[in-house]
Amino acid sequence: MLTRERAHTWIERWDRQQEGYLPYREERFTALIDAVAAHRPDPLVIDLGCGPGSLSARLLARLPEATVVAVDTDPLLLALGEAEYGHLPGLRFVRQDLREPGWTAALGLDRPADAAVSTTALHWISEPSLRAVYAELAGVLHPGGMYLNGDHLAASAPRLRRLEESLADQATARRYGDAPPEDWSQWWGAVAADPDLGPLVLDRSATHHGSESLLLDSHVTALRAAGFTEIGPLWQRGNDRVLCALLP
Ligand SMILES: C[S@@+](CC[C@H](N)C(=O)[O-])C[C@H]1O[C@@H](n2cnc3c(N)ncnc32)[C@H](O)[C@@H]1O
């Protein structure tokens, strides 16, 4: 039985684990939500690769008039999100693989969305799939709609890229020193060992097989091809960026 209290504990542990890779994760969430708030106060938002709903919940806490459709393919993370945040009236979780053509139909939207957001998720998707995801996304966004992607999005120029990585490494070392939090594998190992949650843990090799789309330029090119006309980073710490793209 997954109570809200147990889900809360696992999601807190998820957030600490993610911060081990993203020392500015909360600042990045805030910047991303600031941009949505500047767009409109009561938006319909799609959260791509929502995991247990960390971004969706923060967005709704800041913008209670918003509606968020949070989509992910992972049953365990969705179950945690449902148990912890399922009571929020503006939030709906959808299980769907973004790589499947026609994925937007599963969202059950009754009107075009004002914005789409994503954090630390789309680098798992190959470049051809990413182009298809963005093309389909553009079709369900309102004219003038906004897309915001917070992720490690590396520069293509090699020396810049190394400098960005170095800033990220130094920020992590400053924050954690010799005591880093548990990592991704340890978190998944712990949750798999939980007798109630273990059966929900799938083989993730189909979705998590290395970072595929980690270059900033790959996302910019795919977004331009999808019809977004104004595209650029809004926030950056090392290689951790919030990329914004706007439809005409
Ligand atoms: C590192 S987690 C980030 C979750 C959440 N956005 C956050 O910031 O905490 C990456 C998420 O992307 C999801 N994901 C990866 N590939 C996906 C796909 N093809 N379709 C839907 N979700 C996907 C994973 O299931 C996972 O929940």
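Which residue stands opposite Ala116 in strand 4? That residue is Ile46. Before going on, a word on the model. This is a predicted model, where local features need pLDDT of at least 70, side-chain atom pairs count only at pLDDT 80 or more, and totals for chains, interfaces and linings use all residues. Residues are numbered from 1 along each chain, as its sequence is written. Helices (H or I, at least four residues) and strands (E, at least two) are DSSP runs, numbered from the N terminus.

Let me start with strand 4, residues 113-119. Strand 4 is mostly covered, with seven of its seven residues buried; buried requires 20 or more other C-beta atoms within 10 Å of the residue's own, with C-beta atoms placed from the backbone. Strand 4 runs parallel to strand 1, residues 44-48, and four bridges join them. Strand 4 also runs parallel to strand 5, residues 141-152, through six bridges. Two strands pair if DSSP finds at least two bridges between them. In strand 5, Leu148 stands opposite Val117.

Now the helices. Helix 2 (residues 25-39) packs against helix 3 (residues 54-62) at an angle of about 50°, with the axes 10 Å apart. Axes here are lines fitted to C-alpha atoms, for helices over the stretch in contact, and angles run from 0 to 180 degrees between N-to-C directions. The angle therefore makes helix 2 oblique to helix 3. Under 35 degrees counts as roughly parallel, over 145 as roughly antiparallel, 65 to 115 as roughly perpendicular, and the rest as oblique. From helix 2, Phe29, Ile33, Val36 and Ala37 make the contact, and from helix 3, Leu55, Arg58, Leu59 and Arg62. Contact means that the C-beta atoms of two residues, placed from the backbone, lie within 7 Å. The contact of helix 2 with helix 3 has six nonpolar, no polar and two charged residues. Ala, Val, Leu, Ile, Met, Phe, Trp, Tyr, Cys and Pro count as nonpolar, Asp, Glu, Lys and Arg as charged, and the others, Gly among them, as polar.

Next, helix 1 (residues 4-19) and helix 7 (residues 184-193). Their axes are 9 Å apart, at an angle of about 165°, so helix 1 and helix 7 are roughly antiparallel to each other. Trp10, Arg13, Trp14 and Gln17 of helix 1 make the contact with Trp184, Trp187 and Val191 of helix 7. That contact has five nonpolar, one polar and one charged residues.

Conventions:
Buried ≥ 20, exposed ≤ 12 C-beta atoms within 10 Å, placed from the backbone.
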